[in-house]
Amino acid sequence: MQGTEAWQFMDGDKIVTVQPQGRFKADSATALAAAAAAGLGIAWLPDCITYGYVASGALVPIMTRYPVPPGAAYVVRPPGQHPTRKVRALTEMLTEYFKRNPDVWGLDR
């Protein structure tokens, strides 16, 4: 199954890019995970989307020998040097959450 981007994997120090081909395409990671769990194919998705499926046995990780390249998460906020208190509080809350739960995004590897 495919989303809109190419898939990238690490093979040693080299990044390998794959253009998946298939009949099913979706822009929703949740829809891709549900389709893969229903047996429609494979999907390349973040651990936070597949965690429940893998824990229940509905999905099985494949290609574990080829990790994905390191990535990052960003907070996009309105311009200006001084974000509102709500935006600052949310940013701090998310930062702390992901520090305490590195497994959510696969950061524990």
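This is a predicted model: local features need pLDDT of at least 70, side-chain atom pairs count only at pLDDT 80 or more; totals for chains, interfaces and linings use all residues.
I began with K99, which is exposed, with a relative accessible area of 59% (buried means under 20% relative accessible area, exposed over 50%, and partly exposed in between, with a 1.4 Å probe and protein chains only). Residues are numbered from 1 along each chain as its sequence is written, and side-chain values use heavy atoms, with hydrogens and water left out.

**Salt bridge.** I looked up the partner of K99 and found E96, with the closest N and O atoms 3.9 Å apart; the rule asks for a side-chain nitrogen of Lys or Arg within 4 Å of a carboxyl oxygen of Asp or Glu. By this rule I count one salt bridge. E96 is partly exposed, at a relative accessible area of 38%. Because E96 and K99 are three residues apart in helix α3, about one helical turn separates them (helices are DSSP runs of H or I with at least four residues, strands are runs of E with at least two, and both are numbered from the N terminus).

**Nonpolar patch.** I then turned to L90, which also lies in helix α3, residues 85-100, and is partly exposed at 44% relative accessibility. L90 belongs with V75, M93 and L94 to a nonpolar surface patch whose accessible area together is about 340 Å². Patch members need over 30% relative accessible area and no salt bridge, like charges being joined within 9 Å and nonpolar side chains (Val, Leu, Ile, Met, Phe, Trp, Tyr) within 5 Å; the areas come from the Shrake-Rupley method with a 1.4 Å probe, and for residues only the protein chains shown count as cover.

**Aromatic rings.** I noted four aromatic pairs in the structure. Rings of Phe, Tyr and Trp (its six-membered ring) pair if their centres lie within 6.5 Å, with planes under 30 degrees apart counted as stacked, over 60 as edge-to-face and the rest as tilted.

**Backbone.** Last, I checked M63, in the loop between α2 (47-56) and α3, where phi is near 55 degrees, a positive value in a residue other than glycine. Most residues other than glycine have a negative phi. M63 is partly exposed, at 42% relative accessibility.
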